[in-house]
Amino acid sequence: MKLKESPVLVSIVHLVLWPVKLLALWIFLRGHHLPGGGFIAGLVMAGAVALLRGMAYGYEEAVRLLDIPFPAVLGLGLAVATVTVLGPALLGHPVMKHAFGRLSLPLLGEVEWATAVLFDLGVFVVVVGTVKAILLQIGAGKAREPGRPGAGERGAMPIRLRR
Amino acid sequence: MELLTAIGIGVLFAAGTYLLLSRNVVRVVLGNSLLAYGTNLMLLASGGLGRGAAPVLVEGVEVYTDPVPQALILTAIVINFGVTAFLLVLAYRMVQEHRSEDLAHLRGVDDE
Amino acid sequence: MAAALGAIVLPFAGAVLMPLLYRLLGRRLGYAALAVAVATLALVLSIPEGFSGTVNWVPQLGIALTVQADGWGRLLALLITGIGTLVMLYSILYLGAEEDLGKFYLYILLFMGAMLGVVLSGNLLVLYVFWELTSVASFLLIGFWYTEESGVYGAVKALLITVSGGLAMLAGITILGSIAGTYELTALVDRRSEVLAHPLSGVALVLILLGAFTKSAQVPFHIWLPDAMAAPTPVSAYLHSATMVKAGLFLVARLWPLFSPHPYWTGLVSTVGLATMVLGAYLALQKTDLKAILAMSTVSQLGLILSLFGYGTAEGVAAGILHLFNHSTFKGLLFMVVGIIDHMTGTREVTRLSGLARAMPVTAALAAVGAGAMAGVPLLSGFVSKELFLEASLHGPLGALAAAVGTGASILTTTYCLVLAHKIFYGPETHDTPKHPHEAPWPMLLPPAVLAAVVVAVGVYPGLVEHGLVAPAVAAVLGEEPHLHLALWHGFTPALGMSAVALVGGLVAYRRLDALAALLGRIAGSIRLHANAVYDYLWWREKAVERWARAITSYQMTGFLRDYLVFILGAAVLGILTTAWMKGLRIGELNLAPVEPHEWVLMGVIAAGALTTLLARNRLVAIAALGITGLPVSLYFAWMRAPDLALTQLVVEVITTVLFLLVFAHLPQLKVDPPTPRYRDVNVLVAVAVGAVAALYTLLAAGLRRFPPEIARYYLENSYEAAGGKNVVNVILVDFRGWDTLFEITVLSMAGLAVYSLTRLGRSREAEEARGGESW
């Protein structure tokens, strides 16, 4: 994983990145009726994007490129999920009550909708945020290998041993 | 099949536990992952193995496998991923700070 | 209700105010405490007789603040507040200005409130809470002079012994409560036959009695009371003779209606009581410190009263209650007298005191009244109750034996009473004392004088307390109207003869005190095992308990992850095996599905991967092996009709492997000391056991009923109709069990944030160091 900024690799990553994102979206949307859903889609999305970018640019660079505040992303996802959970209560329904139905749209024809998908969206966002944060942070942390000045020479923290 | 699964689960648990008891912090994290596999398989096995179709509703199919353990396991896999990542970083920081991956060196100091 | 609750709350409220008032009033703080005590006394007096009322406290646990002010509780409440008032008055002069009065009165009022809580509570759990509070107050008061070693020693000893007993009692109360389904005293008595028939009732009884015996300083727990004498004398008079040590007796009588028919009752209660009575009297004669003599005589008298409750007869209860009242008055009086002597002469040593009567005539008279009552001299209160004691003993289940023991102990009692009333006051005047003796000022003499007046009045005319106080108390314990006939003269009864023997015998023994002391000394020298030595070994000098605790703790708490896991996993293995065995779980009919070849392959790869991970010497190999183990797990999920799981597992597997590689591929492989054989053997044993139990557990689960089919059926049937989704697993996650998922992603977020901050923490510190900042 020391392949940094190889132009070929960057191009390939760019090519692959969008199909992967679409794949994740597809997995997410089909989740209500077929295998898939927020968890898997989030994992695919975050895993692929973070790994590919990390490979292409190196993780420190990727962290800088993707300079989004992870805590905020997590908060956003949790907020979406919480709102869909508590929202029905504001409308006089039991908490967590989901609605669903069918809808005719001009171009797409008959489309199903379900508010449960909104909750799943919250899950998706949280998973994406967490996994991306973990991967990129760990990846970037890795770049500071021991042996580099400032890291390796540093004395260990004193530990007092037992008799 | 149940017997074979049970033996496989036993092996996973035994190997995971042995790693968990190790002094080496990396092996502890590895052991945790093996234990997670074993636990997930155990949950699935306790729901009954291989009877009926996957719990995705299809017209005309009457018998499905139990979806409850599957939902539990799905949750467990994702949580375990978070925990593993956390443990990894913790272990990594430990090695960085103390120049040691030996947990026996990390004992607290006696209160006397 | 207001009066009863007020009586409990007021002392607490007053206690809290004491340290504040101390700044305002200084030396005169005692008067404020006195006012609180008087007001509480008034409240107690205004509680209607036989009152009971309930305030719900913790209804979920069946704990209600039930006030039960029947005759028995009221009698004790009256003693607590009445003697409390006198003690406050007495302490005003007793305690010097240099003492921390704010603390003293805080503690003593705290005690008063707690003690009232004990005697007025109708709920055993509430009673227990107040009970322990009195132990705490006692601890604080014994250790009031905490710079003295004796104060610390006595305080710790009293606390450890009484609280240990209290814990046993709590266990007993809990057993009792679970037998009867209630902690309310009246309800418990109603279910007496049910309780007594239960096989655990004996255990409950023994445990509760342990609490009562430790509190009332019964053998072999009597050892804390003499050391409690390190407290200021007003405290000794109040807590350690008149009230707190009566709590155990109070409880025994409270439980009398419930437990007195129990086969253990007489054997436990009366035997311990009589033994304590004899031992206390014997020990009292060996002491030369006046307070120590009084402490031992208190032990002896408490034993006397206890034995009376143990007989299980109405006569015994009546005699016990009357003597409890009398003892509180005359012993409080005697302690106050000893306090005066100590104050005025500077010493409490019998050997250094003689002929004090000339200088302190009033004190001498008061001492004579108190000691006379204790010895059972006619026309003093003790005579009446001692007669009753001897008579009840004779008629009780132990018969002549108890009467003989009682008479023997009474001879010793008379002897030490003569030491108290005669030896130090008469004979040649001494000039050996640190201070020149003179009579105490009248405010200090007033409280003991009041008590002396009570002693004389009751002695001359027992009817004075019969109808108002004693009869209702006896009735409350017995549950029926007693046939009391308190009188000075019952005719020439055996009891009168025994009383005469006790008095004359004591007099004779006193005449030959030196010979008696020598004899007792020889007996003492031949005794090898002392309860005090046991206590000192366990708690004080050798601190054995502390050493054991430390040894056990350092054995488990090694600070080494592996050791904790060995304990946890070992316990889990044993727990599961025991449960399976006790429940008779068998591996049921296994409707085994046939094993197909690729299943062999899957499981083979899983096992091989796990073992490779285990055995790999190289870290990269181990990580790769872990990934290889994960893939067949994912395939297995797919094969077992769990497509969602298979997908998720696959993706997670890839990401996790990459994480492992990212983190550790570039760290140097550090050496770990090779394990010792024993260390490895234990690990292998635990690992194999866990694996075996996991396999067994899987088979058990497969043989048993699985997840209840109704749940699965409900989800399958309602997934589309109610939630509009065909992927049932997904619908469970986002809809049916959405709450769980919400919390799950919260946990996941926390893990992510932890990783985020941990890595950033490392980075920012490094940056700081690079800038030349200080490393910590």
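Visitor: What share of chain A is buried?
Guide: Of its 163 residues, 48% are buried. Buried means under 20% relative accessible area, exposed means over 50%, and partly exposed is in between, with a 1.4 Å probe and protein chains only.

Visitor: Anything I should know about where this comes from?
Guide: This is a predicted model, where local features need pLDDT of at least 70, side-chain atom pairs count only at pLDDT 80 or more, and totals for chains, interfaces and linings use all residues. Residues are numbered from 1 along each chain as its sequence is written, chains are lettered from A and ligands numbered from 1 in the order in which they are written, and side-chain values use heavy atoms, leaving out hydrogens and water.

Visitor: How many helices and strands does chain A have?
Guide: Chain A has five helices and two strands, and along the sequence they run α-α-α-α-β-β-α. Helices (H or I, at least four residues) and strands (E, at least two) are DSSP runs, numbered from the N terminus.

Visitor: And what is the mean pLDDT of chain B?
Guide: The mean is 82, and 91% of the residues in chain B reach 70 or more. pLDDT is the predictor's confidence in each residue, from 0 to 100.

Visitor: Where in chain B is confidence lowest, and where is it highest?
Guide: Lowest is helix H3 (residues 67-98) of chain B, at a mean of 86, and highest is helix H1 (residues 2-20) of chain B, at 91. Where pLDDT is low, the predicted coordinates should not be read in detail.

Visitor: Which residues are linked in a network of salt bridges?
Guide: That would be Asp289(C), Asp342(C) and Arg348(C). Between Asp342(C) and Arg348(C), the N to O distance is 3.4 Å.

Visitor: Is Asp342(C) buried or exposed?
Guide: Asp342(C) counts as buried, because its relative accessibility is 17%. Arg348(C), at 22%, counts as partly exposed.

Visitor: Which buried residue has no salt bridge?
Guide: Lys215(C) is one, and the nearest side chain of opposite charge, Glu132(C), is 5.4 Å away. For charge, Lys and Arg count as positive and Asp and Glu as negative, while His and the chain ends are not counted.

Visitor: So what does the side chain of Lys215(C) make a polar contact with?
Guide: The side chain of Thr134(C), at 2.7 Å. A polar contact is a pair of N or O atoms within 3.5 Å; within protein, one must be able to donate a hydrogen and the other to accept it, and residues adjacent in sequence count only if both atoms are side-chain atoms. Lys215(C) itself sits in helix H9 (residues 201-215) of chain C.

Visitor: Last one: where is Tyr720(C)?
Guide: Tyr720(C) is in helix H31 (residues 709-723) of chain C, and counts as partly exposed at 29% relative accessibility. The C-alpha atoms of Tyr720(C) and Val731(C) are 8.8 Å apart, with the two residues 11 apart along the chain.

Key:
A salt bridge is a side-chain nitrogen of Lys or Arg within 4 Å of a carboxyl oxygen of Asp or Glu.
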